[in-house]
Amino acid sequence: MTAATVGAPAGGVLHGVGVGRRAVVGPVAQVRPAPVVPGDAVLTVDGEPATVAQTHAAVERAFTEVVDGLRAQAAAARGTVADVLAATAQMAADNALRSQTLARVDAGEPPVAALDGVVQMFATMFEQAGGYLAERVTDLRSVRDRVVARVLGLPDPGVPHLDHPSVVVARDLAPADTAALDLDKVLAIVTELGGPTGHTAIIAGQLGLPCVVRVAGVTDLEDGVEVAVDAAAGTVTPHPDAGLRAAYERRHAAEELLGADADPGATADGHAVALLANIGTAADAERVAASGAGAEGVGLFRTEVLFLERTQAPTVEEQTAAYAAALRAMGGRKVVVRTLDAGADKPLAFAAQHDEENPALGVRGYRLVRSAPELLRTQLEALGRAQEATGTTPWVMAPMIATADEAREFAAAARAAGVATVGVMVEVPAVALRARDVLAEVDFVSLGTNDLAQYTMATDRLRGELADLLDAWQPAVLDLVATTAAAGAEAGKPVGVCGESASDPLMALVLVGMGVTSLSMAAGALPAVRFALRRHTREQCVAMAAAARGARSAADGRAAVLALAEAEVRDTLAL
Amino acid sequence: MAERTVAVASRVGLHARPAMLFTQAVAACGVPVTIAKQGGPPVDASSILFVMSLGVPHGEEVVLTAHGEHADRVLDELVALLSTDLDAPEAGADAAAAGASS
């Protein structure tokens with residue numbers, strides 16, 4: 001593929017940051033952005049500026065239509081999608097939002113300015129309240145966009161109705177947008193903004209959808225234009241020619257070939273590396289077990305999915321049922337359960353930290369034990385009960401541990417609840433640096449490389465424009481991984497990786513070279529990682545780890561490792 | 001003018017579901033009602049956006065105000081509503097029934 005300038009005109013290859021490995025061809029379906037209209041845009045009726053009374057009527061009708069439309073969509077949807085749409089409908093139906101907007105219109109203000117003024121007032125109040133409410137600002141703005149479009153007679157913004165499988169293209173996707181997608185009809189997701197560890201990318205990874213973020217110019221493509229999306233290369237090619245389509249076909253064939261190998265992970269010389277899947281629900285566990293992807297277990301069960309979007313914590317009975325279902329689905333294979341990782345970008349309605357200036361540095365993860373100890377107690381009790389009910393022993397680990405003392409307290413609490421194998425996440429650099437002390441308290445550790453990179457590089461995971469700093473290839477991040485792995489080897493205890501970097505076949509080789517004993521990832525990423533491991537010896541992996549850490553930048557490190565990789569692996573995986 | 005002071009009993013405070021049930025009840029009562037935090041400015045109690053943005057946690061007192069001939073009866077009903085844990089699953093059915101009957 002030829003190099004092209006970023007933001008090339010239609011016809012040229014567009015570049016971004018790929019998430020996942022797959023490549024697909026399909027027609028573009030644009031998620032319509034917010035209408036860009038000047039605040040003083042005047043409504044016209046038959047070519048004449050509308051009177052105040054006509055404007056009033058148009059705004060009132062727009063509100064009613066938006067509420068009706070959202071309610072109808074909510075009624076037709078199920079699960080999370082229905083909840084998100086119903087909540088948005090309720091905001092659109094708000095008494096004060098409507099009456100204050102109309103009051104401004106009656107005072108002679110243009111309709112868009114009137115609505116923007118009122119929405120901004122609420123948005124400011126929500127943002128000041130922080131936490132859960134700050135997240136709702138996205139929904140509030142989506143109501144604003146829908147009403148403005150209706151008043152001015154523009155196409156409805158938001159997620160389009162998909163008639164056939166399509167490549168969904170958006171400037172950025174809010175969680176509400178993602179929730180409203182009919183996933184059976186989504187071939188790939190491409191966004192102009194966002195970052196590789198943001199919400200959209202993670203959801204796409206879980207669903208095994210190819211995704212490319214930060215693609216400048218992609219929103220200029222017309223609906224229906226055929227594009228080739230390559231997540232491995234991070235490219236979007238409009239009007240792909242026969243040659244490119246054939247290349248994708250060959251890759252699909254190679255992927256199927258890779259998928260046929262479902263044996264336990266190991267290097268070419270037989271050094272075993274457990275290959276595990278990340279899940280969020282018991283249903284995920286069932287999918288993983290049924291997929292034939294050859295997951296040797298679950299390396300990360302994100303339990304927060306049970307807690308989010310709820311107004312109070314799930315009971316011990318509900319949690320027991322969910323954990324037992326996941327353990328049963330995996331049929332005795334290893335399952336590592338991570339206790340609630342809420343706070344920061346995943347706030348809970350019932351444990352919100354309203355006054356945090358820096359939520360990522362605040363009361364999140366294990367630290368919730370300080371303000372809401374019953375959450376952890378209930379969760380560990382439920383895990384103990386699930387163990388009794390299934391006869392399967394889960395492993396448990398806590399997120400956001402910063403000291404050996406915290407690790408000791410968590411281990412004591414877990415063991416008191418009957419869970420014997422206890423570990424902690426390594427996400428805070430302090431824990432990586434003092435891994436030896438921490439490993440003296442627990443049975444294993446698991447590296448969360450996304451958060452470890454965030455805290456090592458002082459870079460917010462949600463700031464897409466800083467994605468280069470957040471790169472797991474940053475030598476400083478790799479140094480901390482290596483320090484942790486060395487401490488694990490010294491203690492004879494497992495050191496896993498369950499962050500995004502485990503799913504990068506090249507990085508997986510580096511991690512194994514450092515001494516990491518298991519890799520956990522989205523199930524869809526397992527075949528490529530397993531294949532890369534099979535084709536390299538332990539000794540080659542050690543040399544790659546040295547090359548990555550010997551480089552002075554992320555890009556140099558990756559290039560040095562790529563040069564050491566077997567040509568067959570580079571070609572087959574399009575590395 | 002009638003006025004009542006009441007502590008919010010819902011465990012999550014006046015957010016999410018409790019805020020929804022409360023504002024629906026206010027809208028159904030047919031009388032303009034305002035709600036304020038102690039010492040704060042009063043806002044329209046039928047607006048979920050205003051009510052949520054007050055950010056009232058569990059146990060904090062709010063001041064309800066209403067005008068008109070039914071003001072006292074309406075406020076007594078709303079005080080009763082805020083004094084229950086609206087987040088308990090069965091509270092929804094009761095509150096919805098109360099809203100429908102008034």
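Predicted model: local features only at pLDDT ≥ 70, side-chain atom pairs only at ≥ 80, totals over all residues.
**Exercise 1.** Work out why helix 18 (residues 505–514) of chain A is largely enclosed by the rest of the structure.

*Solution.* Start with the terms: helices are DSSP runs of H or I with at least four residues, strands are runs of E with at least two, and both are numbered from the N terminus. A residue is buried if 20 or more other C-beta atoms, placed from the backbone, lie within 10 Å of its own, exposed if 12 or fewer, and partly exposed in between. Now go along the helix: 10 of its 10 residues are buried, so helix 18 is largely enclosed. Among them are P505(A), L509(A) and M514(A).

Residues are numbered from 1 along each chain as its sequence is written, while chains are lettered from A and ligands numbered from 1 in the order in which they are written.

**Exercise 2.** Find out whether M400(A) is buried or exposed, then do that for A458(A).

*Solution.* First, locate M400(A): look in the loop between strand 14 (395–398) and helix 13 (404–416) of chain A. Its phi is positive, near 60 degrees, though it isn't a glycine. With 24 other C-beta atoms within 10 Å, M400(A) is buried.

Next, A458(A) sits in the loop between helix 16 (449–456) and helix 17 (475–491) of chain A. Here phi is about 50 degrees, again positive in a non-glycine. A458(A) has 8 other C-beta atoms within 10 Å, so it's exposed.
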